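Please read the following note with the model open. The points start with charged pairs and then turn to one helix.

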Amino acid sequence: MIKVDLSGASAFFDPAELDFAAAASAHRMLTEKSGAGSDFTGWLELPTRIRDGELKAILSAAQRIRSRSKALVVIGIGGSYLGARGAIELLRPVPSPDDPRIFFVGNGLSPDALSDTLEQLGDVDFDVNVISKSGTTLEPALAFRIFRKLLREKYGSAAKKHIFATTDASRGALKSLADAEGWECFVVPDDVGGRYSVLSAVGLLPMAVAGIDIKTVITTAICSFKELDLRSPENPAWQYAAARQYLYGHGKSIEILGCYEPSFRFMAEWWKQLYGESEGKNGIGIFPASVEFTADLHSMGQYIQDGPRTLMETIVSFENNRRSISVPFEMGDPDGLNYLAGKEYADICRTAADAVKAAHISGGVPNIGISVTARDEAGFAELVCFFELACAISGYMSGVNPFDQPGVEAYKKNMFKMLGKPGT
(Lines give C-alpha, C1' and ligand atoms only; values in the text may rest on other atoms or scores of the structure.)
Protein backbone atom coordinates (compact mmCIF):
# COMPACT_ATOMS: atom_id res chain seq x y z
CA MET A 1 0.00 0.00 0.00
CA ILE A 2 1.00 3.62 -0.49
CA LYS A 3 2.85 5.05 2.50
CA VAL A 4 2.26 8.59 3.77
CA ASP A 5 4.99 10.27 5.81
CA LEU A 6 3.80 13.19 7.94
CA SER A 7 7.09 13.68 9.77
CA GLY A 8 7.89 16.65 7.52
CA ALA A 9 4.76 18.38 8.81
CA SER A 10 5.26 17.52 12.50
CA ALA A 11 6.61 21.00 13.23
CA PHE A 12 3.28 22.43 12.05
CA PHE A 13 0.82 20.20 13.89
CA ASP A 14 0.52 17.41 16.41
CA PRO A 15 -0.90 14.27 14.73
CA ALA A 16 -3.48 14.22 17.52
CA GLU A 17 -4.87 17.46 16.07
CA LEU A 18 -5.81 15.85 12.76
CA ASP A 19 -9.54 15.41 12.36
CA PHE A 20 -9.75 11.69 11.68
CA ALA A 21 -13.35 11.69 12.86
CA ALA A 22 -14.20 13.96 9.93
CA ALA A 23 -12.20 11.70 7.60
CA ALA A 24 -14.13 8.68 8.89
CA SER A 25 -17.43 10.48 8.35
CA ALA A 26 -16.42 11.51 4.82
CA HIS A 27 -15.33 7.96 4.00
CA ARG A 28 -18.65 6.63 5.27
CA MET A 29 -20.61 9.19 3.20
CA LEU A 30 -18.66 8.10 0.16
CA THR A 31 -19.15 4.35 0.50
CA GLU A 32 -22.77 4.64 1.66
CA LYS A 33 -23.46 7.06 -1.21
CA SER A 34 -25.12 9.50 1.17
CA GLY A 35 -23.08 12.60 0.29
CA ALA A 36 -23.46 15.23 -2.41
CA GLY A 37 -22.70 13.91 -5.89
CA SER A 38 -23.18 10.28 -4.88
CA ASP A 39 -24.42 9.51 -8.39
CA PHE A 40 -20.79 9.89 -9.52
CA THR A 41 -19.05 7.47 -7.15
CA GLY A 42 -18.97 4.52 -9.55
CA TRP A 43 -15.19 4.82 -9.79
CA LEU A 44 -14.95 2.91 -6.49
CA GLU A 45 -16.25 -0.25 -8.21
CA LEU A 46 -14.90 0.60 -11.66
CA PRO A 47 -11.85 -1.74 -11.70
CA THR A 48 -14.02 -4.76 -10.85
CA ARG A 49 -16.63 -3.76 -13.43
CA ILE A 50 -13.95 -3.34 -16.09
CA ARG A 51 -12.37 -6.71 -15.26
CA ASP A 52 -15.75 -8.42 -15.59
CA GLY A 53 -16.89 -6.32 -18.56
CA GLU A 54 -14.94 -4.36 -21.17
CA LEU A 55 -11.38 -5.48 -20.42
CA LYS A 56 -11.32 -8.25 -23.00
CA ALA A 57 -12.69 -5.98 -25.73
CA ILE A 58 -10.21 -3.22 -24.83
CA LEU A 59 -7.30 -5.66 -25.08
CA SER A 60 -8.59 -6.98 -28.41
CA ALA A 61 -8.89 -3.49 -29.89
CA ALA A 62 -5.44 -2.53 -28.61
CA GLN A 63 -3.90 -5.61 -30.20
CA ARG A 64 -5.49 -4.82 -33.57
CA ILE A 65 -4.16 -1.26 -33.44
CA ARG A 66 -0.68 -2.42 -32.42
CA SER A 67 -0.58 -5.00 -35.20
CA ARG A 68 -1.45 -2.63 -38.04
CA SER A 69 -0.58 0.95 -37.08
CA LYS A 70 2.46 2.98 -36.20
CA ALA A 71 0.46 5.60 -34.29
CA LEU A 72 -2.69 6.16 -32.26
CA VAL A 73 -4.18 9.64 -32.17
CA VAL A 74 -6.05 10.17 -28.89
CA ILE A 75 -8.58 13.00 -29.12
CA GLY A 76 -9.85 14.36 -25.81
CA ILE A 77 -9.53 17.10 -23.22
CA GLY A 78 -9.30 17.17 -19.42
CA GLY A 79 -10.13 13.83 -17.87
CA SER A 80 -10.47 12.35 -21.36
CA TYR A 81 -6.72 12.40 -21.86
CA LEU A 82 -4.75 13.47 -18.77
CA GLY A 83 -4.83 10.10 -16.99
CA ALA A 84 -3.78 8.15 -20.07
CA ARG A 85 -1.01 10.61 -20.88
CA GLY A 86 0.15 10.58 -17.26
CA ALA A 87 0.33 6.78 -17.30
CA ILE A 88 2.11 6.54 -20.64
CA GLU A 89 4.72 9.17 -19.83
CA LEU A 90 5.30 7.65 -16.38
CA LEU A 91 5.59 4.05 -17.52
CA ARG A 92 6.71 4.36 -21.15
CA PRO A 93 8.72 7.59 -21.35
CA VAL A 94 10.85 5.98 -24.09
CA PRO A 95 8.63 3.84 -26.34
CA SER A 96 10.08 0.60 -27.65
CA PRO A 97 10.51 0.31 -31.44
CA ASP A 98 7.53 -2.07 -31.52
CA ASP A 99 5.16 0.32 -29.74
CA PRO A 100 2.96 2.71 -31.74
CA ARG A 101 3.48 6.40 -31.02
CA ILE A 102 0.67 7.98 -29.04
CA PHE A 103 -0.35 11.51 -30.04
CA PHE A 104 -2.71 13.57 -27.88
CA VAL A 105 -4.78 16.21 -29.65
CA GLY A 106 -8.05 18.01 -29.08
CA ASN A 107 -6.89 19.46 -25.76
CA GLY A 108 -6.40 22.99 -27.05
CA LEU A 109 -7.07 25.33 -29.97
CA SER A 110 -3.54 26.11 -31.15
CA PRO A 111 -3.25 25.78 -34.94
CA ASP A 112 0.52 25.41 -34.62
CA ALA A 113 0.30 22.54 -32.13
CA LEU A 114 -2.18 20.68 -34.32
CA SER A 115 -0.09 21.28 -37.42
CA ASP A 116 3.01 20.02 -35.62
CA THR A 117 1.18 16.80 -34.75
CA LEU A 118 0.04 16.32 -38.34
CA GLU A 119 3.63 16.83 -39.50
CA GLN A 120 4.96 14.29 -37.00
CA LEU A 121 2.27 11.80 -37.99
CA GLY A 122 3.35 12.01 -41.59
CA ASP A 123 2.10 9.23 -43.85
CA VAL A 124 2.20 6.32 -41.38
CA ASP A 125 -0.74 4.03 -40.74
CA PHE A 126 -2.70 5.26 -37.76
CA ASP A 127 -5.89 4.83 -35.75
CA VAL A 128 -7.98 7.35 -33.83
CA ASN A 129 -9.50 7.04 -30.36
CA VAL A 130 -11.93 9.91 -29.82
CA ILE A 131 -12.99 10.32 -26.19
CA SER A 132 -15.94 12.48 -25.20
CA LYS A 133 -19.04 11.87 -23.11
CA SER A 134 -21.17 14.14 -25.28
CA GLY A 135 -19.17 14.72 -28.44
CA THR A 136 -19.94 18.44 -28.37
CA THR A 137 -16.94 19.79 -26.41
CA LEU A 138 -15.42 22.21 -28.91
CA GLU A 139 -11.70 21.38 -28.73
CA PRO A 140 -11.92 17.60 -29.31
CA ALA A 141 -14.89 17.89 -31.67
CA LEU A 142 -12.96 20.20 -34.01
CA ALA A 143 -9.86 18.00 -33.91
CA PHE A 144 -11.96 14.92 -34.61
CA ARG A 145 -13.47 16.54 -37.69
CA ILE A 146 -9.95 17.14 -39.05
CA PHE A 147 -8.76 13.58 -38.36
CA ARG A 148 -11.93 12.00 -39.77
CA LYS A 149 -11.20 13.82 -43.03
CA LEU A 150 -7.59 12.60 -42.94
CA LEU A 151 -8.70 9.01 -42.34
CA ARG A 152 -11.20 9.14 -45.22
CA GLU A 153 -8.51 10.46 -47.56
CA LYS A 154 -6.10 7.73 -46.47
CA TYR A 155 -8.34 4.66 -46.14
CA GLY A 156 -11.52 5.49 -48.06
CA SER A 157 -14.50 3.36 -46.99
CA ALA A 158 -12.25 1.38 -44.62
CA ALA A 159 -11.69 4.50 -42.51
CA LYS A 160 -14.44 3.46 -40.11
CA LYS A 161 -12.35 0.48 -38.99
CA HIS A 162 -9.67 2.89 -37.76
CA ILE A 163 -11.95 4.90 -35.44
CA PHE A 164 -12.68 3.92 -31.84
CA ALA A 165 -15.15 6.07 -29.90
CA THR A 166 -15.15 6.15 -26.10
CA THR A 167 -18.39 7.87 -25.20
CA ASP A 168 -21.79 7.59 -23.53
CA ALA A 169 -23.40 4.17 -23.63
CA SER A 170 -26.64 5.29 -25.24
CA ARG A 171 -26.89 9.00 -26.05
CA GLY A 172 -25.07 12.11 -27.21
CA ALA A 173 -23.76 13.48 -30.49
CA LEU A 174 -20.68 11.23 -30.58
CA LYS A 175 -22.65 8.08 -29.78
CA SER A 176 -25.19 8.87 -32.51
CA LEU A 177 -22.42 9.51 -35.02
CA ALA A 178 -20.61 6.30 -34.01
CA ASP A 179 -23.76 4.21 -34.42
CA ALA A 180 -24.48 5.75 -37.80
CA GLU A 181 -20.92 5.22 -39.08
CA GLY A 182 -20.31 1.81 -37.50
CA TRP A 183 -17.35 2.70 -35.31
CA GLU A 184 -16.36 0.41 -32.45
CA CYS A 185 -17.43 1.97 -29.14
CA PHE A 186 -16.33 1.86 -25.52
CA VAL A 187 -18.19 3.35 -22.60
CA VAL A 188 -17.66 6.39 -20.42
CA PRO A 189 -19.69 5.21 -17.40
CA ASP A 190 -22.65 7.36 -16.37
CA ASP A 191 -21.62 7.24 -12.71
CA VAL A 192 -17.97 8.24 -13.25
CA GLY A 193 -16.84 11.80 -13.90
CA GLY A 194 -14.08 12.50 -16.39
CA ARG A 195 -11.38 13.19 -13.83
CA TYR A 196 -12.08 9.84 -12.13
CA SER A 197 -12.25 7.85 -15.39
CA VAL A 198 -8.65 6.79 -16.02
CA LEU A 199 -9.34 3.19 -14.97
CA SER A 200 -12.11 2.89 -17.57
CA ALA A 201 -11.70 2.53 -21.33
CA VAL A 202 -10.98 6.28 -21.33
CA GLY A 203 -7.49 5.60 -20.03
CA LEU A 204 -7.05 1.88 -20.56
CA LEU A 205 -7.29 1.71 -24.37
CA PRO A 206 -4.51 4.25 -25.05
CA MET A 207 -2.44 2.70 -22.27
CA ALA A 208 -2.78 -0.79 -23.74
CA VAL A 209 -1.87 0.45 -27.23
CA ALA A 210 1.27 2.01 -25.70
CA GLY A 211 2.30 -1.41 -24.36
CA ILE A 212 1.23 -0.98 -20.73
CA ASP A 213 0.01 -4.12 -18.97
CA ILE A 214 -3.53 -3.00 -18.15
CA LYS A 215 -4.41 -6.38 -16.64
CA THR A 216 -1.90 -5.69 -13.87
CA VAL A 217 -3.23 -2.13 -13.54
CA ILE A 218 -6.80 -3.36 -13.02
CA THR A 219 -5.86 -6.27 -10.74
CA THR A 220 -3.78 -3.95 -8.56
CA ALA A 221 -6.53 -1.32 -8.49
CA ILE A 222 -9.06 -3.87 -7.23
CA CYS A 223 -6.69 -4.82 -4.39
CA SER A 224 -5.80 -1.19 -3.66
CA PHE A 225 -9.39 -0.06 -3.20
CA LYS A 226 -9.96 -2.99 -0.83
CA GLU A 227 -6.87 -2.06 1.20
CA LEU A 228 -7.84 1.61 1.23
CA ASP A 229 -11.25 0.76 2.69
CA LEU A 230 -9.49 0.52 6.07
CA ARG A 231 -11.52 2.54 8.58
CA SER A 232 -8.66 3.73 10.75
CA PRO A 233 -6.21 6.63 11.14
CA GLU A 234 -3.69 4.16 9.69
CA ASN A 235 -5.38 4.57 6.32
CA PRO A 236 -2.94 6.62 4.19
CA ALA A 237 -5.84 8.30 2.34
CA TRP A 238 -7.22 9.53 5.67
CA GLN A 239 -3.76 10.75 6.70
CA TYR A 240 -3.24 12.71 3.50
CA ALA A 241 -6.75 14.18 3.44
CA ALA A 242 -6.73 15.12 7.13
CA ALA A 243 -3.24 16.64 6.98
CA ARG A 244 -3.91 18.82 3.96
CA GLN A 245 -7.26 20.00 5.38
CA TYR A 246 -5.63 20.87 8.71
CA LEU A 247 -2.87 22.81 6.95
CA TYR A 248 -5.41 24.59 4.75
CA GLY A 249 -7.30 25.65 7.86
CA HIS A 250 -4.06 27.16 9.18
CA GLY A 251 -3.22 29.30 6.17
CA LYS A 252 -1.57 26.86 3.76
CA SER A 253 -3.82 27.46 0.76
CA ILE A 254 -1.47 26.27 -2.01
CA GLU A 255 -0.32 22.66 -2.35
CA ILE A 256 2.73 21.95 -4.47
CA LEU A 257 3.03 18.38 -5.75
CA GLY A 258 6.60 17.47 -6.55
CA CYS A 259 8.56 14.46 -7.74
CA TYR A 260 12.19 13.75 -8.60
CA GLU A 261 11.20 11.78 -11.72
CA PRO A 262 10.68 13.96 -14.82
CA SER A 263 8.36 11.27 -16.21
CA PHE A 264 5.89 12.17 -13.44
CA ARG A 265 5.04 15.50 -15.09
CA PHE A 266 1.68 14.50 -16.58
CA MET A 267 0.70 12.50 -13.53
CA ALA A 268 0.98 15.84 -11.75
CA GLU A 269 -1.21 17.42 -14.44
CA TRP A 270 -3.81 14.67 -13.87
CA TRP A 271 -3.59 15.30 -10.09
CA LYS A 272 -4.11 19.04 -10.61
CA GLN A 273 -7.34 18.46 -12.51
CA LEU A 274 -8.54 15.87 -9.98
CA TYR A 275 -8.03 18.12 -6.98
CA GLY A 276 -8.70 21.48 -8.64
CA GLU A 277 -12.07 20.49 -10.12
CA SER A 278 -13.08 18.52 -7.04
CA GLU A 279 -12.28 21.07 -4.32
CA GLY A 280 -12.14 24.53 -5.90
CA LYS A 281 -15.70 25.78 -5.48
CA ASN A 282 -17.95 27.83 -3.21
CA GLY A 283 -15.10 30.30 -2.73
CA ILE A 284 -12.84 27.77 -0.99
CA GLY A 285 -10.27 25.11 -1.87
CA ILE A 286 -6.57 24.33 -1.87
CA PHE A 287 -4.90 25.54 -5.07
CA PRO A 288 -3.03 22.60 -6.70
CA ALA A 289 0.32 23.35 -8.33
CA SER A 290 3.24 21.16 -9.35
CA VAL A 291 7.00 21.24 -9.70
CA GLU A 292 9.64 18.96 -11.18
CA PHE A 293 12.64 18.43 -8.94
CA THR A 294 15.53 18.96 -9.02
CA ALA A 295 15.10 21.15 -12.14
CA ASP A 296 12.59 23.54 -10.55
CA LEU A 297 14.80 24.05 -7.52
CA HIS A 298 16.78 26.31 -9.84
CA SER A 299 13.70 28.32 -10.81
CA MET A 300 10.79 27.96 -8.37
CA GLY A 301 13.07 27.00 -5.50
CA GLN A 302 13.56 30.60 -4.40
CA TYR A 303 9.81 31.22 -4.14
CA ILE A 304 9.22 27.97 -2.27
CA GLN A 305 12.01 28.73 0.19
CA ASP A 306 11.42 32.44 0.83
CA GLY A 307 8.10 33.49 -0.70
CA PRO A 308 4.73 33.93 1.03
CA ARG A 309 4.18 31.22 3.63
CA THR A 310 0.96 29.95 2.09
CA LEU A 311 2.52 26.75 0.74
CA MET A 312 2.43 23.09 1.67
CA GLU A 313 4.50 20.57 -0.25
CA THR A 314 3.65 16.96 -1.17
CA ILE A 315 6.48 14.86 -2.57
CA VAL A 316 5.91 11.58 -4.42
CA SER A 317 8.85 9.19 -4.39
CA PHE A 318 9.49 5.74 -5.84
CA GLU A 319 11.43 3.39 -3.58
CA ASN A 320 12.99 1.32 -6.37
CA ASN A 321 14.66 2.69 -9.49
CA ARG A 322 14.47 0.94 -12.84
CA ARG A 323 18.13 1.45 -13.67
CA SER A 324 21.44 2.05 -11.97
CA ILE A 325 24.02 4.68 -12.96
CA SER A 326 27.13 5.52 -10.97
CA VAL A 327 29.50 8.48 -11.10
CA PRO A 328 32.80 7.65 -12.85
CA PHE A 329 36.25 8.45 -11.43
CA GLU A 330 38.32 10.95 -13.41
CA MET A 331 42.12 11.33 -13.18
CA GLY A 332 43.23 14.66 -11.79
CA ASP A 333 39.71 15.48 -10.55
CA PRO A 334 39.43 18.56 -12.84
CA ASP A 335 35.82 19.28 -11.84
CA GLY A 336 36.25 18.44 -8.15
CA LEU A 337 33.66 15.69 -8.24
CA ASN A 338 35.78 12.66 -7.38
CA TYR A 339 34.34 12.79 -3.87
CA LEU A 340 31.21 11.35 -5.51
CA ALA A 341 33.04 8.78 -7.67
CA GLY A 342 31.42 5.37 -7.36
CA LYS A 343 28.23 6.71 -5.85
CA GLU A 344 24.90 5.77 -7.37
CA TYR A 345 22.78 8.52 -8.92
CA ALA A 346 19.83 7.17 -6.94
CA ASP A 347 21.69 7.70 -3.65
CA ILE A 348 22.71 11.22 -4.65
CA CYS A 349 19.11 12.01 -5.59
CA ARG A 350 17.82 10.73 -2.23
CA THR A 351 20.38 12.87 -0.42
CA ALA A 352 19.32 15.89 -2.46
CA ALA A 353 15.66 15.18 -1.61
CA ASP A 354 16.46 14.98 2.10
CA ALA A 355 18.38 18.26 1.91
CA VAL A 356 15.50 19.98 0.07
CA LYS A 357 12.97 18.69 2.56
CA ALA A 358 14.97 19.98 5.52
CA ALA A 359 15.51 23.37 3.87
CA HIS A 360 11.86 23.86 2.97
CA ILE A 361 10.63 22.82 6.41
CA SER A 362 13.02 25.27 8.01
CA GLY A 363 11.66 27.90 5.63
CA GLY A 364 8.11 27.33 6.85
CA VAL A 365 6.81 24.86 4.24
CA PRO A 366 5.30 21.66 5.70
CA ASN A 367 6.20 18.53 3.77
CA ILE A 368 4.01 15.46 3.18
CA GLY A 369 5.73 12.39 1.73
CA ILE A 370 3.99 9.82 -0.46
CA SER A 371 6.02 6.68 -1.08
CA VAL A 372 5.34 4.19 -3.88
CA THR A 373 7.24 0.91 -4.22
CA ALA A 374 8.08 1.14 -7.92
CA ARG A 375 7.45 3.10 -11.08
CA ASP A 376 5.51 0.32 -12.76
CA GLU A 377 1.93 -0.71 -13.54
CA ALA A 378 1.21 -1.66 -9.93
CA GLY A 379 2.65 1.58 -8.59
CA PHE A 380 0.60 3.60 -11.06
CA ALA A 381 -2.62 1.84 -10.06
CA GLU A 382 -1.88 2.34 -6.36
CA LEU A 383 -1.30 6.06 -6.91
CA VAL A 384 -4.53 6.50 -8.86
CA CYS A 385 -6.65 4.72 -6.24
CA PHE A 386 -4.96 6.57 -3.39
CA PHE A 387 -5.31 10.03 -4.91
CA GLU A 388 -8.91 9.46 -6.01
CA LEU A 389 -10.06 8.23 -2.60
CA ALA A 390 -8.14 10.89 -0.68
CA CYS A 391 -9.56 13.58 -2.98
CA ALA A 392 -13.16 12.50 -2.38
CA ILE A 393 -12.61 12.31 1.38
CA SER A 394 -10.84 15.66 1.45
CA GLY A 395 -13.63 17.27 -0.57
CA TYR A 396 -16.33 16.02 1.76
CA MET A 397 -14.26 17.14 4.76
CA SER A 398 -14.20 20.67 3.33
CA GLY A 399 -17.98 20.67 2.80
CA VAL A 400 -18.10 20.69 -1.00
CA ASN A 401 -19.44 18.27 -3.60
CA PRO A 402 -16.23 16.70 -4.94
CA PHE A 403 -17.94 15.34 -8.05
CA ASP A 404 -19.39 18.38 -9.84
CA GLN A 405 -17.68 21.20 -11.73
CA PRO A 406 -20.20 24.01 -12.26
CA GLY A 407 -17.52 26.63 -12.81
CA VAL A 408 -16.23 25.16 -16.07
CA GLU A 409 -19.37 26.17 -17.94
CA ALA A 410 -18.82 29.94 -17.62
CA TYR A 411 -16.14 30.24 -20.30
CA LYS A 412 -18.01 27.87 -22.61
CA LYS A 413 -21.13 30.06 -22.59
CA ASN A 414 -19.08 33.14 -23.45
CA MET A 415 -17.06 31.34 -26.12
CA PHE A 416 -20.04 29.81 -27.93
CA LYS A 417 -21.85 33.14 -27.89
CA MET A 418 -18.82 34.96 -29.32
CA LEU A 419 -18.36 32.28 -31.99
CA GLY A 420 -21.98 32.68 -33.04
CA LYS A 421 -23.20 29.20 -32.16
CA PRO A 422 -26.91 28.87 -33.04
CA GLY A 423 -29.12 29.11 -29.98
CA THR A 424 -26.72 31.24 -27.97
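1. Lys133, Asp168, Arg171 and Asp190 are joined in a network of salt bridges (a side-chain nitrogen of Lys or Arg within 4 Å of a carboxyl oxygen of Asp or Glu). The model is predicted: local features need pLDDT of at least 70, side-chain atom pairs count only at pLDDT 80 or more, and totals for chains, interfaces and linings use all residues. Residues are numbered from 1 along each chain as its sequence is written, and side-chain values use heavy atoms, with hydrogens and water left out.

2. Aspartate 168 is buried at 4% relative accessibility, whereas arginine 171, at 48%, is partly exposed (buried is under 20% relative accessible area, exposed over 50%, partly exposed in between; 1.4 Å probe, protein chains only).

3. Arginine 171 also forms a salt bridge with aspartate 190 (3.9 Å, N to O). Aspartate 190 is partly exposed, its relative accessible area being 42%.

4. A salt bridge also joins glutamate 261 and arginine 375 (4.0 Å, N to O). Glutamate 261 is partly exposed at 22% relative accessibility; arginine 375 is buried at 11%. The structure holds 25 salt bridges.

5. In helix α3 (residues 55-68), a DSSP run of H or I with at least four residues, numbered from the N terminus, the buried residues are Leu55, Ile58, Ala61, Ala62 and Ile65. They fall within an arc of 130° seen down the axis, so they line one face of the helix; the arc is that of the directions from the helix axis to the C-beta atoms. The face turned away from the buried side carries the exposed residues Lys56 and Ser67.

Technical notes. Helices (H or I, at least four residues) and strands (E, at least two) are DSSP runs, numbered from the N terminus. The expected span of a helix is 1.5 Å times one less than its number of residues.
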